[in-house]
Amino acid sequence: MQQYQTGPNKEDLYMGFKCGIIGLPNIGKSTIFNALTQSKNALAANYPFATIEPNVGRVAVPDHRLNDLASLNESLSVIPTYMEFVDIAGLVKGANEGEGLGNKFLGHIREVDAIAHVLRCFEDENITHVNARLNPVDDLKVIESELLLSDLDILLKQQELYTKKIKSTDKELKIKLEIINQLLTQIDANQEINLDEIDSNFIYFVDELNLLSLKPTFYICNVDENSVVNGNQFTNDLINILDNQKSREVILVSASIESEISNIESKKEQNEFLDALGLKDTSLDQVIKTGYNLLGLLTFFTAGKKETRAWTIKQNTNASQAAGKIHTDFEKGFIRAETISYNDYIEFGGEQYAKNAGKMRQEGRDYIVQEGDIFHFLFNN
Ligand SMILES: Nc1nc2c(ncn2[C@@H]2O[C@H](COP(=O)(O)OP(=O)(O)OP(=O)(O)O)[C@@H](O)[C@H]2O)c(=O)[nH]1
Ligand SMILES: [Mg+2]
């Protein structure tokens, strides 16, 4: 029997989620990307299509619990979980037919777990808007329709492929072709896709098609500095429209405030700056919270002198699968998990004290991991 000491250093094992940033040109996507990744890697400039090739940035998921656990354990190494942002070229009406930079960059969005759709909700006559009038509700529709058209392309290609492949005896191919046709009919009739009528045994097939309109999406309203707490008419109009859509997760961000915050190095000074503006969280904190909720993710920890580390998994993951996230051997030879909740760990002042107080639980492989659990995995080699 062995106790968990340290995990392998495979990057993808501790990735929180990948988030693609999309929207019309010149609305602040790269400015927000730079703020989120605390970098100046993306060119932010006052003309449309400043971004051509996507910018990619990784950022440590800020989590005070990780730091609390590390200081209690005087850990030599502290390893957060990471997430990745991809800042994509702006889309315009007709991108599907090659307008602007076209929609070839949407291929990058297919790779991400969640979409952050940025909408310009600030007025500034010096910043060019690609349409004559600022109207974020129209802008939302333009982008959504471009995503749908790109899904339409995919579905038509698949339809052709499956029609060629299909043999009368092949039941599964037949069902798949039927699903493709169903989705195409939905687009034709309603200009949207929904999965309500799709055979639940074949949702996996729709997932494999990786349609952009079905990606978990949240909305970042880029507002002026005065609207960041309560929003403005633009954001109210948007929220009204989004109420009837698949997701109404809306984050208010002022790209200009965020750029200022990202220039402040100390967390304490950042918090003072946020307080003065009446804000609770940075945009990164908000994006992470929203993304974790939308994607059904949670964080567990492993903690000790050598290393304290945060891990991201899907909700409803059991203890042996969580152990497998650290090392496949842990899952194969899983015996049990010694578990303390974060609150107990902190309240009693560390592992030993929590254990003495009877707060260390012995959990089996089917135990469903809870947010903030701290684990030792015991396994057979
Ligand atoms: N007034 C104001 N200007 C902003 C704000 N956010 C961004 N800008 C300015 O808008 C211009 C475009 O910003 P970018 O971040 O390059 O926009 P983008 O969406 O990445 O643009 P493309 O890559 O060309 O699609 C820059 O001059 C920014 O400084 C904001 O909240 N308020
Ligand atoms: Mg840009």
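Among contacts in the protein between residues at least 6 apart in sequence, 70% join residues at least 24 apart; two residues are in contact if their C-beta atoms, placed from the backbone, lie within 7 Å. The model is predicted: local features need pLDDT of at least 70, side-chain atom pairs count only at pLDDT 80 or more, and totals for chains, interfaces and linings use all residues. Residues are numbered from 1 along each chain as its sequence is written, while chains are lettered from A and ligands numbered from 1 in the order in which they are written.

**Overall fold**

- The protein contains 14 helices and 13 strands; helices (H or I, at least four residues) and strands (E, at least two) are DSSP runs numbered from the N terminus.
- The radius of gyration is 23 Å, close to the 21 Å that the globule rule gives for 381 residues, so the protein is as compact as a globular protein of that length. The radius is taken over C-alpha atoms, and the rule is 2.2 Å times the number of residues to the power 0.38.
- Along the principal axes, the C-alpha atoms fill a box of roughly 65 × 65 × 35 Å.
- Buried residues account for 34% of the 381 residues. A residue is buried if 20 or more other C-beta atoms lie within 10 Å of its own, exposed if 12 or fewer, and partly exposed in between, with C-beta atoms placed from the backbone.

**Nonpolar core**

- The largest nonpolar core has 82 residues, of which Cys 19, Ile 21, Ile 32, Ala 116, Cys 221, Ala 323 and Phe 377 touch the most other members. Strand E6 (residues 114–121) gives the most to this core, with six residues.
- Such a core is a set of buried Ala, Val, Leu, Ile, Met, Phe, Trp, Tyr and Cys residues joined through C-beta atoms within 7 Å.
- Ile 21 is found in strand E2 and is buried, with 26 other C-beta atoms within 10 Å. Leaving aside residues up to four places away in sequence, the contacts of Ile 21 include Ile 32, Phe 33, Ala 116 and Val 118.
- Between Ile 21 and Val 112 there are 9.7 Å from C-alpha to C-alpha, although they are 91 residues apart in sequence.
- Beyond residues up to four places away in sequence, Ala 323 touches Phe 330, Glu 331, Phe 334, Ala 337, Phe 377 and Phe 379.

**Ligand 1 and helix H1**

- Ligand 1 is surrounded by 22 residues, the closest being Gly 28, Ser 30, Asn 46, Thr 51 and Gly 90. The elements that give two or more residues to this shell are helix H1 (29–36) and helix H8 (255–262).
- A residue belongs to the shell if its C-beta atom, placed from the backbone, lies within 6 Å of the ligand.
- H1 gives the largest share of the shell, three residues.
- Eight of the eight residues of H1 are buried, so this helix is largely enclosed by the rest of the structure.
- Gln 38, which follows H1, has a positive phi near 45°.

**Helix H4**

- Helix H4 (residues 136–165) has 30 residues and reaches 43 Å from its first C-alpha to its last, close to the 44 Å expected at 1.5 Å a residue. The expected span is 1.5 Å times one less than the number of residues.
- Buried residues of H4 include Leu 140, Ile 143, Leu 147 and Leu 155.
- The cover over the buried residues of H4 includes strand E2 (15–22), helix H3 (106–110), E6, helix H5 (171–190) and helix H7 (233–242).

**Loop residues**

- Most residues other than glycine have a negative phi.
- Asn 26 has a positive phi near 60° and lies in the loop between E2 and H1. With 21 C-beta neighbours inside 10 Å, Asn 26 counts as buried.
- Glu 74 also has a positive phi, about 45°, and sits in the loop between helix H2 (64–73) and strand E4 (77–79). Glu 74 is exposed, with 9 other C-beta atoms within 10 Å.
- Val 228 lies in the loop between strand E7 (217–223) and H7, and its 22 C-beta neighbours inside 10 Å make it buried.
- The C-alpha atoms of Val 228 and Asp 207 are separated by 35 Å, with the two residues 21 apart along the chain.
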